[in-house]
Amino acid sequence: SKRTFEDISSQIKKLILEGVLKPGDKLPPEGALSEQFNVGRQTVREALRILELSGFISVQKGFNGGSIVGNNILKRTSDLLLDALQMEKISIKEFTAARLLIEKGVLYEAIDNATEKDIRDLQRNVEESKDLIAKGKLATDVNVAFHSLLARASKNTVYALFERAINDMHLDLRRRSSPNFIIDKAAVRAHEQILDALIKKERERAIRLLERHILAISKFYKCREAREGGDVRGMFGL
């Protein structure tokens with residue numbers, strides 16, 4: 001049988017999933033929950049801890065603090081994937097294979113579903129990256145945001161959710177590598193070409209450009225010589 005605190009967390013989770021408790025709602029204080037479930041406060045704390053770790057609630061400190069119903073599930077999932085990547089439970093090869101599959105699907109649907117606003121947002125992103133590079137600044141975060149904008153343009157919520165996890169892992173890999181303007185410059189050039197193909201609805205060309213872009217980045221991650229300052233230009237056709 002489940003331990004008591006697991007049973008309590010399951011009951012509260014069920015109320016959240018059924019919509020009885022909604023994001024922003026405040027749970028009763030520990031004392032009230034303790035009386036309601038007829039258990040000690042420590043058991044209630046353990047139950048709330050499970051809910052917090054799984055992203056169903058957030059615990060705020062202070063006079064007006066308490067347990068607030070939220071929706072941080074995806075962030076928790078991304079954190080777990082990041083932990084697995086950092087502990088080398090997920091290889092670069094596995095990450096790249098998953099990224100290729102997800103982002104090809106994203107781009108495929110974005111070509112059909114992108115609105116004029118989506119196109120403008122993507123164009124602004126590319127211009128912002130180019131401006132940063134022209135000023136001698138890194139454009140890593142802006143370049144990664146390009147892929148989030150593509151996911152939004154796909155109008156597929158599932159793709160957008162997966163893309164967020166992929167981007168978190170990608171950013172972690174970039175930040176653990178030495179800053180490199182060549183990669184940022186190559187990325188924005190690839191994004192500009194992908195966007196051009198998207199606007200023209202040249203599906204095969206867009207997918208081919210995306211695949212080449214992702215595989216080049218993956219090669220950089222896997223190559224120790226590149227990380228130590230070797231010849232990066234050849235990887236990106238520069």
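The structure is a prediction, so local features are reported only at pLDDT of at least 70 and side-chain atom pairs only at pLDDT 80 or more, whereas totals for chains, interfaces and linings use all residues. Residues are numbered from 1 along each chain as its sequence is written, and side-chain values rest on heavy atoms, with hydrogens and water left out.

The protein chain contains 11 helices and 2 strands, where helices (H or I, at least four residues) and strands (E, at least two) are DSSP runs numbered from the N terminus. Along the sequence the elements follow the pattern α-α-α-β-β-α-α-α-α-α-α-α-α. Of the 238 residues in the protein chain, 42% are buried; here buried means under 20% relative accessible area, exposed means over 50%, and partly exposed covers the values in between (1.4 Å probe, protein chains only). Contacts are defined by heavy atoms within 4.5 Å. Among contacts in the protein chain between residues at least 6 apart in sequence, 67% join residues at least 24 apart.

In soluble globular proteins, nonpolar side chains tend to be buried together. A nonpolar core is taken as a set of buried Ala, Val, Leu, Ile, Met, Phe, Trp, Tyr and Cys residues joined through side-chain atoms within 4.5 Å. The largest such core has 36 residues, and Leu107, Leu150 and Leu198 have the most contacts inside it. Two or more residues come from each of helix H5 (92-113), H6, helix H7 (140-153), H8, H9 and helix H10 (203-222). Not counting residues up to four places away in sequence, Leu107 touches Leu150, Ile194, Leu198, Ala206, Ile207 and Leu210. Another core, of 15 residues, lies apart from the largest one and includes Ile12, Ala47, Leu51 and Ile57.

Charged pairs come next. The structure holds 16 salt bridges, each being a side-chain nitrogen of Lys or Arg within 4 Å of a carboxyl oxygen of Asp or Glu. One of them joins the side chains of Arg3 and Glu6 (3.4 Å, N to O); Arg3 is exposed at 52% relative accessible area, while Glu6 is partly exposed at 26%. Another links the side chains of Lys117 and Asp121 (2.9 Å, N to O). Lys117 and Asp121 are separated by about one helical turn because they are 4 residues apart in helix H6 (residues 116-134). Lys117 is partly exposed, at 47% relative accessibility, whereas Asp121 is buried, with a relative accessible area of 11%. Leaving aside neighbours within four places in sequence, Asp121 is also in contact with Leu149 and Arg152.

Arg174, in helix H8 (residues 157-175), counts as buried at 9% relative accessibility. The side chain of Arg174 makes a polar contact with that of Thr140 at 3.4 Å; a polar contact is a pair of N or O atoms within 3.5 Å, where within protein one must be able to donate a hydrogen and the other to accept it, and residues adjacent in sequence count only if both atoms are side-chain atoms. Beyond neighbours within four places in sequence, Arg174 is in contact with Thr140, Asn180, Ile183, Asp184 and Tyr221.

The charged end of Arg203 sits over the ring of Tyr108, 4.2 Å from its centre; the criterion is NZ of Lys or CZ of Arg within 6 Å of the ring centre and within 35 degrees of the ring normal.

Backbone angles close the account. Most residues other than glycine have a negative phi, and most peptide bonds are trans. Asn38 has a positive phi, near 60 degrees; this residue is found in the loop between helix H2 (30-37) and helix H3 (41-53) and is exposed, at 70% relative accessible area. Lys201 likewise has a positive phi, near 55 degrees. Lys201 lies in the loop between H9 and H10 and counts as exposed at 51% relative accessibility.
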